[in-house]
Amino acid sequence: ISDECKDYLKGLEKDVTITILANEGDFAGYSTYYNQAERMIKSFVQNSSKITLKYVDIVKNPGFVNDFPDLSLSANDILITSDYRTRQLDINDLFYVSTDQSGNISSVSSKAEKVITSALLAVSSAEIPKVVFLTGHGELDPTALKSLLQNNGYETVDCAITTEEIPEDAKMVVMFVPTRDMDEDTLKKLDTFLNNNNQLGKNLLYFGHAGQAELPNTSAFLAEWGITVEEGVVF
């Protein structure tokens with residue numbers, strides 16, 4: 001692991017358990033990638049007295065999954081847990097996989113250090129920032145952005161803003177390419193959230209699209225907060 005990661009681990013104050021859902025000795029033998037993942041995990045353990053590594057075979061110990069009713073656990077998953085919360089990782093989360101035009105794997109590289117560090121940050125922080133994705137106005141699919149945020153220690157939730165209130169503990173709202181205009185009542189909810197009882201400190205991310213329809217109400221609202229989408233395309 002990198003020197004930057006070692007420095008982070010020196011400052012880790014929260015007790016964290018990494019649990020590999022497999023028999024010890026079997027996990028690394030499944031493939032070169034499993035072996036590399038286990039070696040990376042052990043490097044984290046070796047560089048922090050706050051991290052404990054455990055192995056649990058959920059086939060032989062099916063009752064273990066009852067401790068995590070909100071998760072769908074599978075053999076060989078990796079759990080990173082504190083008394084705050086748990087993050088679940090699949091072996092595929094630890095690698096970048098590139099494919100050729102025929103769909104065959106052309107290269108594999110590790111992102112295990114980054115992913116495990118992000119999970120450690122998420123479970124060792126008393127609070128994690130919540131990002132709310134607004135829905136109900138024909139938004140595009142934000143799955144990739146959600147994954148990016150989740151992998152970097154954010155919690156993401158959806159909010160149908162026409163019928164629901166924006167959670168007060170949210171740090172940021174995301175408007176991901178709405179294709180239908182928002183009405184005045186909906187924009188008042190957004191305005192109230194961003195004003196935050198005159199304390200401000202909230203954030204809004206807006207994503208537009210070159211083929212988007214006219215959204216006069218939404219555009220006027222964004223302009224009040226200093227956001228303008230200009231005409232034209234850059235390529």
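A residue counts as buried when its relative accessible area is under 20%. Tyr34, at 17% relative accessibility, is therefore buried. The model discussed here is predicted. Its open sheet consists of 4 strands with mixed pairing, and Tyr34 belongs to a cluster of rings together with Phe27 and Tyr30.

**Sheet**
- The strands of the open sheet follow the order S2-S1-S3-S4.
- Strands S2 (51-55) and S4 (86-89) each have a single partner strand and stand at the edges, so one side of each lacks a neighbour in the sheet.
- From one strand to the next, the twist averages 15°.
- Strand S1 (residues 16-20) pairs with S2 in the parallel sense, over 5 bridges.
- Within S2, Leu53 is the residue opposite Ile18.

**Helices across the sheet**
- Helix H2 (residues 32-46) lies across S1, S2 and strand S3 (78-81), and runs at about 145° to S2.
- Helix H3 (residues 112-124) lies across S1, S2, S3 and S4, and runs at about 160° to S4.

**Aromatic rings**
- The count of aromatic pairs comes to 5.
- One of them joins Phe27 and Tyr34 edge-to-face, at 5.0 Å centre to centre with 70° between the planes.
- Phe27 is buried, as is Tyr34.
- The ring centres of Tyr30 and Tyr34 are 5.5 Å apart with the planes at 75°, so this pair is also edge-to-face.
- Tyr30 has 47% relative accessibility and therefore counts as partly exposed.

**Charges over rings**
- Lys14 places its charged end over the ring of Tyr84, 4.0 Å from the ring's centre.
- Lys146 lies over the face of Phe133, 5.3 Å from the ring centre.

Methods:
Residues are numbered from 1 along each chain as its sequence is written. This is a predicted model: local features need pLDDT of at least 70, side-chain atom pairs count only at pLDDT 80 or more; totals for chains, interfaces and linings use all residues. Side-chain values use heavy atoms; hydrogens and water are left out. Two strands pair if DSSP finds at least two bridges between them. Helices (H or I, at least four residues) and strands (E, at least two) are DSSP runs, numbered from the N terminus. Axes are lines fitted to C-alpha atoms, for helices over the stretch in contact, and angles run from 0 to 180 degrees between N-to-C directions. Contact means heavy atoms within 4.5 Å. Rings of Phe, Tyr and Trp (its six-membered ring) pair if their centres lie within 6.5 Å; planes under 30 degrees apart count as stacked, over 60 as edge-to-face and the rest as tilted. Buried means under 20% relative accessible area, exposed over 50%, partly exposed in between (1.4 Å probe, protein chains only). A charge sits over a ring if NZ of Lys or CZ of Arg is within 6 Å of the ring centre and within 35 degrees of the ring normal.
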